[in-house]
Amino acid sequence: MVTKPKAREIFAADFRDRIVHHVLVDYLESIWEPKFVYQSYSCRKGKGTHQAIKDLKKYLRKINHNDHKPAFYLQIDIQSFFVSLRKDVLFELIKKRVKNPEILWLTKTIIFHDSTIDFYRKSQMSLFDLIPDHKSLFKVPSNQGLPIGNLTSQFFANVYLDELDQFIKHKLKIKYYLRYVDDVVILSENKEQLKIWRNEIDSFLEKMLKLKLHPKKQILQSVDKGINFVGFVVKPEYTLMRRRVVKNLKEKLRIFNQNLGKVILLKDGSLKEFRKKEGKQMLSVINSYYGQFKHAHTFGLRSKLWQKNFGELKRFLKSVDKNLSYFKIK
């Protein structure tokens, strides 16, 4: 069970099963990767969140002619995607392109395996009460849902929603479209056109994939308001970090300083050990956040955090440059 950013069930397969998952995905990727549309960014080599943001910025510049024309965006989310996905529909999609009987057997075994039968529970029982029934594999029909945590589930999500990608790109012929898992962003100069596309997408999902758009996670507004996508808030003229990301780093810095304060009270030998172990762990966490920040307009944010939130950490860390790109241990 994880509780951040929201409550989720995570099913972590045994190590040797994960090896088999990688073997299967490597095989299936060779079939599906040439078929996938360019604008699918999740769990694909050469894609990911940074490429999605880079392309979104490029699309924004094109559609509003470098901030000279009004433009709008539609952002939609599929309701309870991973637990709503139909196993029979998924396997039929796989069968259309895979003929190897051994691969089909293995794929079917993994897709239809019931993760809620043979498992070890690793979190406190009380945490599972945080999950609504429609979000839990323990509460949905047996022919429904994939376990979040498996590499195969991430890949199968792309196979399943490739049907939506193909419909959007080749039937609706939408030019400015991006998808990361089940989070979809569409750009247009015409707000009414976005409404029409939304209704057609909703109808397609329900009829062909047995899915529904989340009624409370639909945004239709001017691009000037900013598009909150894959951890960033993208506007035509600049990009910011999502507030939740900044808040998470501030909380980690507070805990790091609290732990560091206890070490400082001890002898020098403890400080040397701190630099070797805990210090390196803290450094990797901080630098991962600052690495993300470099993909947005965040020099002011980076400077403010360094001045106000690093505290005792300043005694042990130094920036590699004036731009506060990342840090080293002194």
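**View 1. Both sides of strand β3 are covered in this predicted model.** Let us start with the side chains of β3: D183, V185 and L187 point one way, while V184, I186 and S188 point the other way, and all of them are buried. Strand β3 spans residues 183–188, and six of its six residues are buried, so the strand is mostly covered. Keep this strand in mind, as the next view turns to its partners.

**View 2. Strand β3 pairs with β1 and with β2.** Strand β1, made of residues 72–78, runs antiparallel to β3, and six bridges join the two. To find one place where they meet, look for I76, whose bridge partner in β3 is V184. Strand β2, residues 177–180, is also antiparallel to β3, with four bridges between them. Here Y180 stands opposite D183 of β3.

**View 3. H214 is a buried residue of strand β4.** Strand β4 covers residues 213–222, and H214 has its place there. Is H214 buried or exposed? Its relative accessible area is 15%, and because buried means under 20%, H214 counts as buried. Leaving out residues up to four places away in sequence, H214 touches D77, I78 and Q79.

**View 4. Two lysines with positive phi sit in loops.** K173 is not a glycine, yet its phi is positive, at about 55°. You can find K173 in the loop between α6 and β2. With a relative accessible area of 63%, K173 is exposed. K210 is the other lysine to look for, in the loop between α7 (191–209) and β4. Its phi is also positive, near 60°. K210 has a relative accessible area of 42%, which makes it partly exposed.

**View 5. A13 lies in the segment before helix α1.** Helix α1 is formed by residues 15–32, and A13 comes before it. A13 has a relative accessibility of 18% and counts as buried. Which residues does A13 contact, apart from its neighbours within four places in sequence? They are R18, H21 and N150. Follow the chain for 138 residues from A13 and you reach L151, yet the C-alpha atoms of these two residues are separated by 9.6 Å.

**View 6. F91 and F112 form an edge-to-face pair.** This view shows one of the 17 aromatic pairs in the model. The ring centres of F91 and F112 are 6.0 Å apart, with 80° between the planes. Since F91 belongs to helix α4 (residues 87–97) and F112 to helix α5 (residues 101–112), the pair ties together parts that are 21 residues apart in sequence. F91 is buried, at 9% relative accessibility, whereas F112 is partly exposed, at 34%.

**View 7. Aromatic rings also cluster and meet charged residues.** Y290, F293, W306, F310 and F327 are linked into a cluster by ring pairs. Elsewhere, look for two arginines. R97 lies over the face of W32, 5.9 Å from the ring centre. The charged end of R121 sits over the ring of F138, at 5.8 Å from its centre.

**View 8. The largest pocket has a volume of about 1,700 Å³.** The pocket is lined by 50 residues, and the closest to its centre are P5, K6, R8, R242 and R244. Which elements give two or more residues to the lining? They are β1, α3 (81–84), α6 (151–171), β4, α8 and α10 (278–293). Helix α8 gives the most, with six residues.

**View 9. E251 is a partly exposed residue of helix α8.** Helix α8 runs over residues 243–264, and E251 is part of it. The relative accessibility of E251 is 31%, so this residue counts as partly exposed. I219 is 32 residues away from E251 along the chain, and 29 Å separate their C-alpha atoms.

Note on methods:
Residues are numbered from 1 along each chain as its sequence is written. This is a predicted model: local features need pLDDT of at least 70, side-chain atom pairs count only at pLDDT 80 or more; totals for chains, interfaces and linings use all residues. Side-chain values use heavy atoms; hydrogens and water are left out. Buried means under 20% relative accessible area, exposed over 50%, partly exposed in between (1.4 Å probe, protein chains only). Contact means heavy atoms within 4.5 Å. Rings of Phe, Tyr and Trp (its six-membered ring) pair if their centres lie within 6.5 Å; planes under 30 degrees apart count as stacked, over 60 as edge-to-face and the rest as tilted. A charge sits over a ring if NZ of Lys or CZ of Arg is within 6 Å of the ring centre and within 35 degrees of the ring normal. Two strands pair if DSSP finds at least two bridges between them. On a 1 Å grid over the protein atoms alone, a cavity is a set of points where a 1.4 Å probe fits but cannot get out, and a pocket is an open set with protein on both sides within 12 Å along at least five of seven lines; lining residues have an atom within 4 Å of a point. Grid points are joined across faces, edges and corners, and a volume is the space filled by probe spheres set on the points.
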